[in-house]
Amino acid sequence: MAKKQFQAESKRLLDLMINSIYTHQEIFLREIISNASDAIDKLAYQALTDENVGLNRSDFAIELSVDEANRSIMVRDNGIGMDQDEMEKNLGTICRSGSLQFKQEMDKGKDADVDIIGQFGVGFYSAFMVADTVTVISRKYGSDEAYMWTSSGADGYTIAKCTKKNVGTDVIMKLKADTEDENYSRFLQSWELQNLIHKYSDYIRYPIKMEVEKTRVKEGTADSEKPEYESYKEIETLNSMVPIWQKAKKDVTEEEYNEFYKEHFFDFEDPVAVIHTSVEGAVSYKALLYIPAKAPYDFYTKEFKKGLQLYSSGVMIMENCADLLPDCFRFVRGVVDSQDLSLNISREMLQHDRQLKFIAQNLEKKIKAELQKLMENDREKYEKFYAGFATQLKYGTLNDYGAKKETMQDLLLYWSSKEEKLVSFKDYTAAMPEEQKYIYYASGETRERLAQLPQMETLKAKGYDVLFMTEEVDGFIPQTLMKYGEKEFRSVTQEDLGLASDEEKKCTEEKTEKAKQTIDFIKETLGERVKEVRLSSNLGSHPVCMVPAEGMTFEMEKYFKRLNPDADMKANRVLELNPDHAVFGKLQIAVAQDQGKAAKLVKILHAQALLMADLPIENAAEYTDLIYELL
Ligand code: ADP
């Protein structure tokens, strides 16, 4: 029979498995059993609505058996099965999300770190870590035909018609020969298999049955002085079948929580927090939620689907129930199980389901509380999480015109110019000097640039902290929140700092009055290029500064420009001048004595203000010419 070749991607993964020197080869069993369980899930689900299936929930099982003479292990399920096409498609190609992600990680590390095998769901191919030949015999539900898929690894596979009495799939793995370093024969020992099932597959919801050898006292000898023993065989269910979320918290170790997470949600890092909750009442449910440490590679793409797995009395009814999670917490993974939900409820009905809404609202509160707890009790861990999800938390704050801002505002962290570390709004306001009226923030591209803003000097002198906002999305945060507690936000570049006393204000007004001729001259010279020219007492030792007028900030302008380069969206520019700076004095003299020179000075100052604000100068050639001339 002609051998068919594996698809290139699959071949590479397969090579890795075959040549694996990985010590956790044992996870192959977990993978094969999990496939069997998935296949049963599919048929069990169908059985709910289709009487023809003719199987009850209690009829479903996974059988594990060993053929010592042939050095093979078989995993048999009575699940949905595969037809010829599906065998071809499913076993000849990497299709599991986990396998693909695994491969991508491997590609990144270029074979360097074989150790990440086993942290992923690596799927069917993991059988080749321990077996040199794998045979899959399957009969699909609804079909009389069965097929046999066989492969001895990288040289390809064959598919042939065969017979099989019952619907379902047998996976037969012929173990590799033992070597000096590797003892594959241990997988033929029933205690080893029992251990593995207990370790990795205990929660599988269908019984995993195996014939095990036991000993008992021989009949009639129990009472004698020397009782005799005999061995006998008995089918035993190896797994407790209690899903981890159904167990009491005290019966689950941290390691078990983490293992379940990594295997179930294809992550290879432990989560930063686990939420395990059980609610009894009008709506009863159990939930096991995880907060990942890092964003998955596709998190910020359209491919990422938020949602929790939804179970009803232990039967999975939806792989990804989006309605259970608010968008702001779309990174959370987990499982919800409620016996109060009807099993064959449709997706459309779920959307309007009151019980589901109730659960979703409760979970939202739980998640928020958990994140806040983490922030307060383990800032280091929270910051690790925040590094990957800050953008999401910020968008979550803005979504739907700030509908979730109350939930989200306490989860945000910003760089404090004073503390030189990330702080929350709560930290910031708690540390404010009593007389400070506003929460000051500065937005721009980098912290270094913001630290050099003229206004910083003034605020620093007062002992006031300034939050640096350096992400694009940040520009919208203060506008959406407006206030935190009683304190309003104030942009140090955009608004009056609110520091001047009435007397100082009066003084600036007087200066403005006196410098009217100069200010008017600047306005005339710059024309459309600025919306306003004004004097400011906030500039410290700097002569000029460009700030946006109320409304759009410079960061928003850049953001919109990136979204649509052709759109003419511009923040209005305000040129601020420091009346106490020597340069301003020189300018005043020039305006009075030599307006040609004054115009040149104005253009230079304007360009410099733009440069300081990280904005493009309109005419670079003119600017450099002017500087040369000056030199
Ligand atoms: P995954 O299970 O994540 O999809 P695998 O590589 O483990 O990835 O399996 C590939 C596919 O092969 C499965 O998605 C499934 O369609 C099919 N398959 C594997 N084992 C079985 C089985 N025991 N019964 C039915 N189909 C199976």
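Cys545 is buried, at a relative accessible area of 5%; here buried means under 20% relative accessible area, exposed means over 50%, and partly exposed lies in between, with a 1.4 Å probe and protein chains only. The model is predicted, and local features need pLDDT of at least 70, side-chain atom pairs count only at pLDDT 80 or more, and totals for chains, interfaces and linings use all residues. Residues are numbered from 1 along each chain as its sequence is written, and side-chain values use heavy atoms, with hydrogens and water left out.

Which cysteine sulfur is closest to that of Cys545? It belongs to Cys507 and lies 19 Å away, too far for a bond. A disulfide is taken as a pair of cysteine sulfur atoms within 2.5 Å, and a search of the whole structure finds zero of them. Cys328 is accordingly in no disulfide, the nearest cysteine sulfur being that of Cys321 at 16 Å. Cys328 is also buried, with a relative accessible area of 2%.

The nonpolar cores come next. In soluble globular proteins, nonpolar side chains tend to be buried together. A nonpolar core is defined as a set of buried Ala, Val, Leu, Ile, Met, Phe, Trp, Tyr and Cys residues joined through side-chain atoms within 4.5 Å. The largest such core has 72 residues, and Phe331, Tyr382 and Tyr440 touch the most other members. Apart from it lies another core, of 66 residues, which includes Ala36, Leu175, Leu196 and Phe260. With contact meaning heavy atoms within 4.5 Å, and residues up to four places away in sequence not counted, Tyr440 touches, among others, Tyr428, Leu459, Asp465, Arg490 and Leu499.

The packing of helices can now be considered. Two packed helices are described by the angle between their axes and the distance between the axes. Axes are lines fitted to C-alpha atoms, for helices over the stretch in contact, and angles run from 0 to 180 degrees between N-to-C directions. Helices (H or I, at least four residues) and strands (E, at least two) are DSSP runs, numbered from the N terminus. The axes of helix α2 (residues 27-49) and helix α5 (residues 190-200) come within 9 Å and cross at roughly 65°. This angle makes α2 roughly perpendicular to α5, because angles under 35 degrees count as roughly parallel, over 145 as roughly antiparallel, 65 to 115 as roughly perpendicular and the rest as oblique. Ile27, Leu29, Arg30 and Ile33 of α2 make the contact with Leu193, Leu196, Ile197 and Tyr200 of α5.

Helix α19 (residues 595-612) packs against helix α20 (residues 620-630) at an angle of about 120°, with the axes 10 Å apart. α19 is therefore oblique to α20. On the α19 side, the residues that meet α20 include Lys600, Ile604 and Leu611. The axes of helix α18 (residues 582-593) and α19 come within 7 Å and cross at roughly 145°.

Two strand residues complete the account. Lys487 is placed in strand β19 (residues 487-491) and counts as partly exposed, at 26% relative accessibility. Leaving aside neighbours within four places in sequence, Lys487 is in contact with Thr429, Met432, Gln436, Lys437, Ile439 and Met482. Thr158, found in strand β5 (residues 157-162), counts as buried at 15% relative accessibility.
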